[in-house]
There are 2 protein chains.
Amino acid sequence: MNTRVRDGEPADSQGLNVPLTRKPARRRTLVDQVVDAIVAGAARGVILPGDRIVETEIAQELSMSRVPVREALRLLESQGLVVSSPYKGVRLNPVTRARLDQLSEVRVALEKAAARRAVMLGRNKGSALGALERKTEELERMAARQDTYGIASADAAFHRELCRLSENDVLCAVWETLARQLTVIVGLSTLSKPMDGIVAEHRALLSAFSRGRLPELDRALEEHIRTQNDALDFEAIIAERRALRDRQQAADSQQRNGAA
Amino acid sequence: MNTRVRDGEPADSQGLNVPLTRKPARRRTLVDQVVDAIVAGAARGVILPGDRIVETEIAQELSMSRVPVREALRLLESQGLVVSSPYKGVRLNPVTRARLDQLSEVRVALEKAAARRAVMLGRNKGSALGALERKTEELERMAARQDTYGIASADAAFHRELCRLSENDVLCAVWETLARQLTVIVGLSTLSKPMDGIVAEHRALLSAFSRGRLPELDRALEEHIRTQNDALDFEAIIAERRALRDRQQAADSQQRNGAA
DNA sequence: GCGGCCGGAGTTGTATACGATCCGTAGTCC
DNA sequence: GGACTACGGATCGTATACAACTCCGGCCGC
């Protein structure tokens with residue numbers, strides 16, 4: 001893999017990945033760099049599900065020792081992004097349709113609970129609702145631009161905000177790990193689902209939420225996630241990503257030759 | 001802390017803690033030892049919420065180097081058991097009533113979803129249901145013995161089995177991290193709730209589940225968890241655990257003096 | 001007497017070094 | 001010719017060594 005994330009070039013400059021902790025006080029340590037680099041590499045298709053991740057390589061590419069890399073891998077392992085077995089190395093969690101469904105099911109359960117709590121807290125009106133509306137508008141802007149990456153990003157932001165409104169930190173933390181895994185799975189693949197459909201669904205979600213119509217919201221959430229999954233063609237995604245990686249590898253080796 | 005977990009003496013010999021991964025193939029590495037030792041220490045009250053955890057100490061007590069300890073701490077951090085800030089060290093996550101409620105809320109959401117899926121899969125009858133019944137009987141045996149530790153253990157086993165019936169690995173994994181955190185919070189504190197009440201609630205849960213009465217089950221779950229929390233007197237628990245630690249420290253230093 | 005500076009002890013973050021284990025490969029024996 | 005074994009490279013797991021940082025207490029100047 002050729003992720004190449006160095007100090008001056010944060011891996012999530014594209015805004016897809018969010019930091020694990022909300023606290024801005026936390027200084028960026030090397031472990032964080034590794035985590036971001038691997039997540040970014042996975043999201044951009046440089047690392048594919050099932051690919052082996054070698055500590056030495058990562059360490060060299062990020063020009064650090066293996067120790068922070070190991071710690072980062074352990075962290076990612078406990079979040080389910082990679083799997084490891086002693087003396088045999090770490091692999092990016094191979095993805096199956098079943099796993100995607102499982103992730104989605106848990107995510108829906110969380111978001112339902114979040115919405116329920118948010119309504120109970122009266123966060124479905126006023127400034128709290130405004131925040132969610134802004135996310136929806138952002139989504140619309142991205143859809144208008146046909147910016148698939150922006151849509152994925154805005155979609156995540158919308159659901160993240162929904163969780164945040166529950167004011168349940170534990171829920172948010174769990175949601176983030178799930179979202180991260182889904183990001184790796186879905187990556188930058190262009191959704192095969194029509195964009196205006198996505199926008200409409202979010203409008204419906206927002207509407208149901210603002211009215212506090214929980215059963216309706218539950219159904220809408222479930223529908224929203226499920227159709228999104230159904231629209232994914234796994235074979236196509238894998239093929240696309242493999243091609244993407246090959247292109248990047250080619251470009252990279254070319255660049256290296258030019259530099260030599 | 002004085003956990004003293006060495007090779008011949010597995011930390012979870014009391015059966016409270018479960019391994020992170022289901023795969024038995026995974027060889028036990030030093031990192032696992034550290035994880036178990038810390039979780040056990042937290043559950044037994046040797047480490048209290050908010051206590052600082054010093055890498056060097058753990059390493060010495062387990063007679064290993066700091067590297068595996070660091071990796072274990074990172075793992076526990078990403079699971080929310082400890083919090084860390086660079087150069088300032090790691091602390092056992094300080095516990096508040098709010099956090100307990102948040103954990104419970106997420107846990108209930110997960111178990112509802114698990115039950116829903118299990119019923120959908122027809123796991124609420126036949127041998128699958130039998131497994132859950134056995135857990136309930138175990139709970140009754142423990143209650144009859146007035147074995148508070150056994151009750152806590154059997155209670156966890158019941159809910160774990162419920163999750164397992166959903167056949168959703170992601171859900172189970174998330175549930176385990178939550179359960180682990182709750183264990184640390186509640187620890188070995190004697191529940192102030194009457195034991196036959198607990199048994200009755202589980203019977204009710206089992207009954208609603210076997211009949212596939214989901215709304216009823218949802219309510220019962222919520223009630224079950226909530227009353228369990230309400231019965232907890234935080235101040236008393238903290239005081240008790242502090243006393244417990246002092247006793248253990250005293251005994252330990254005495255033992256050390258005797259050995260010297 | 002009091003507040004700011006500073007220096008050292010203690011702890012964490014990182015790098016390097018070494019032993020342990022896995023896996024592919026070649027060689028040998030039947 | 002095939003299967004078993006020995007071996008070597010590659011990679012992981014762990015230990016040790018050093019650098020960076022924090023915090024606390026004393027000291028000095030005011």
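Mentor: α1 (30–43) and α3 (66–78) of chain A, together with α2 (55–61) and β3 (89–92) of chain B, each supply at least two residues of the surface near DNA strand C. Helices (H or I, at least four residues) and strands (E, at least two) are DSSP runs, numbered from the N terminus. This is a predicted model, in which local features need pLDDT of at least 70 and side-chain atom pairs count only at pLDDT 80 or more, while totals for chains, interfaces and linings use all residues. Residues are numbered from 1 along each chain as its sequence is written, and chains are lettered from A and ligands numbered from 1 in the order in which they are written.

Trainee: What makes a residue count as near a strand?

Mentor: Its C-beta atom, placed from the backbone, must lie within 6 Å of the strand. Around DNA strand C there are 18 such residues, and L30(A), M64(A), S65(A), E55(B) and G89(B) come nearest. α3(A) gives the largest share of this surface, three residues.

Trainee: Which residues are closest to DNA strand D?

Mentor: They are E55(A), L30(B), M64(B), S65(B) and Y87(B), out of 18 that surround DNA strand D. Here the largest share, three residues, comes from α3(B).

Trainee: Why are α4(A) and α4(B) called oblique to each other?

Mentor: Angles under 35 degrees count as roughly parallel, over 145 as roughly antiparallel, 65 to 115 as roughly perpendicular and the rest as oblique. The two helices, each spanning residues 97–120, pack at about 130 degrees, with their axes 9 Å apart. α4(A) and α4(B) are therefore oblique.

Methods
Axes fitted to C-alpha atoms, helices over the stretch in contact; angles between N-to-C directions.
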